[in-house]
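I am opening a notebook on this structure and will write down what I looked up, entry by entry. The sequence and model come before my notes.

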Amino acid sequence: MINYQTMLNNGETLPIIGMGTYSGENDRETTETAIRIAIKMGYRHFDTAKIYGSEVAVGNALRRAIHDGLVEREDIHVTSKLWSSDHHDPVTALQQTLQRLGMEYIDMYLVHWPVALKPWVDYPIPAEEDFEELDMENTWSGTEKCLEMGLCRSIGVSNFSSTKIQHLLDFACVTPVVNQVEMHPMWRQRKLRSICREYGIHVSAYSPLGGPGNAWGTTTVVDHPIIQSIAQKHDATPAQVALRWGLCQGSSVIVKSFNMRRMKENMGSLHLKLDEWDLIDINKMEERKIMRGEWLSNHTTSPYRTIQELWDDEI
């Protein structure tokens, strides 16, 4: 029997395939329709964030699905994230997220980036002058307060390097349950996965296909000859092979597509089995930080550029 969930270090469970809800268009109706279809397909983890602009649509779709009897609230896992301009007050930020979602609690609240922005910065690509000094100890204390208040059931981080994880654990009372990072067959995160495993932190992969369709992404992963060959061998799609690789590493994956065919295809990765030789071949693929690659060179003032520097210790 396929296990569709993984156990986190606090005893909560996490569905191993999540649906990302970021959309550059922020079309509320399209997002709500896609989520309703996803629920019918078996998706149970929905990943949003303040900066995605999708919290209202996610909340509308999930509340309607619960009301219609498609799913129970207890079977849904909702993740949202603390934006970098809200580090000074995570409690108020999460309360505002809950208002947008129309929910009493969310299942997981993540610190979106280990960088701080000035309080008025509510756009995804800040300028150099928008940054301010990060007091991570204060931020994490506020995030722990969210947990104590019952506003969320789990807390974690996103885009934290090994060094950042270890620094956080120097003062954290509560160990993060998850570190959500870019991870795919061409950016395998060996060192980070090892560090997180040591501390019982689950690694969740975003852009598990390399981010095709996003401003920073390419089709390099799914177009790679090794991925293509393995897909042909198993009568599967390249996307299914890439997702299954992530699941084989013990990670969950966050996939973003509102296309019904691709949504169904992504769920099909749960039924694919990769053999030892497949995994050996994938490990031969040249590693390439797609999200922090060419796109970053043209966006030198973005928080992603700052993260590029923070991740130098991973190379």
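Before turning to helix pairs, I noted the convention that a crossing is left-handed if the near helix is turned anticlockwise from the far one by less than a right angle, and right-handed if clockwise.

**Ground rules.** I am reading a predicted model, in which local features need pLDDT of at least 70 and side-chain atom pairs count only at pLDDT 80 or more, while totals for chains, interfaces and linings use all residues. Residues are numbered from 1 along each chain as its sequence is written, and side-chain values use heavy atoms, with hydrogens and water left out.

**Confidence.** I looked up the pLDDT (the predictor's confidence in each residue, from 0 to 100) and found a mean of 91 for the protein chain, with 88% of its residues at 70 or more. Over residues 292–306 the pLDDT is below 50, although this stretch has 37 contacts (heavy atoms within 4.5 Å) in the model beyond near neighbours in sequence. The pLDDT is also below 50 over residues 308–315, a stretch with 23 such contacts. Where pLDDT is low, the predicted coordinates should not be read in detail.

**Whole chain.** I found 13 helices and twelve strands, taken as DSSP runs numbered from the N terminus (helices are H or I of at least four residues, strands E of at least two). Of the 315 residues, 54% are buried, where buried means under 20% relative accessible area, exposed over 50% and partly exposed in between (1.4 Å probe, protein chains only). Among contacts between residues at least 6 apart in sequence, 73% join residues at least 24 apart.

**Helix pairs.** I looked next at α1 (residues 28–41) and α2 (residues 55–67), which pack at an angle of about 40 degrees with their axes 8 Å apart; axes are lines fitted to C-alpha atoms, for helices over the stretch in contact, and angles run from 0 to 180 degrees between N-to-C directions. Angles under 35 degrees count as roughly parallel, over 145 as roughly antiparallel, 65 to 115 as roughly perpendicular and the rest as oblique, and α1 and α2 are therefore oblique to each other. Their crossing is right-handed, and the residues of α1 that meet α2 include R28, T31 and I35. The axes of α2 and α3 (residues 90–101) come within 7 Å and cross at roughly 50 degrees, so this pair is oblique as well. On the α2 side E55, V56, V58, G59 and R63 meet T97, R100 and L101 in α3.

**H45.** I found H45 in strand β4 (residues 45–47), buried with a relative accessible area of 1%. Its contacts outside four places in sequence include L14, M19, H77 and I254, and T79 is also among them.

**Helix α9.** In α9 (residues 238–248), nine of the eleven residues are buried, among them W245. What covers these buried residues includes α6 (190–198), β12 (252–255) and α10 (260–267). Just after α9, G250 takes a positive phi of about 85 degrees.

**Two residues with positive phi.** Most residues other than glycine have a negative phi. I noted that N159, in the loop between β9 (155–158) and α5 (162–169), has a positive phi near 65 degrees. D235, in the loop between α8 and α9, has a positive phi of about 55 degrees although it is not a glycine. Which of the two is buried and which exposed? N159 is buried at 3% relative accessible area, whereas D235 is exposed at 74%.
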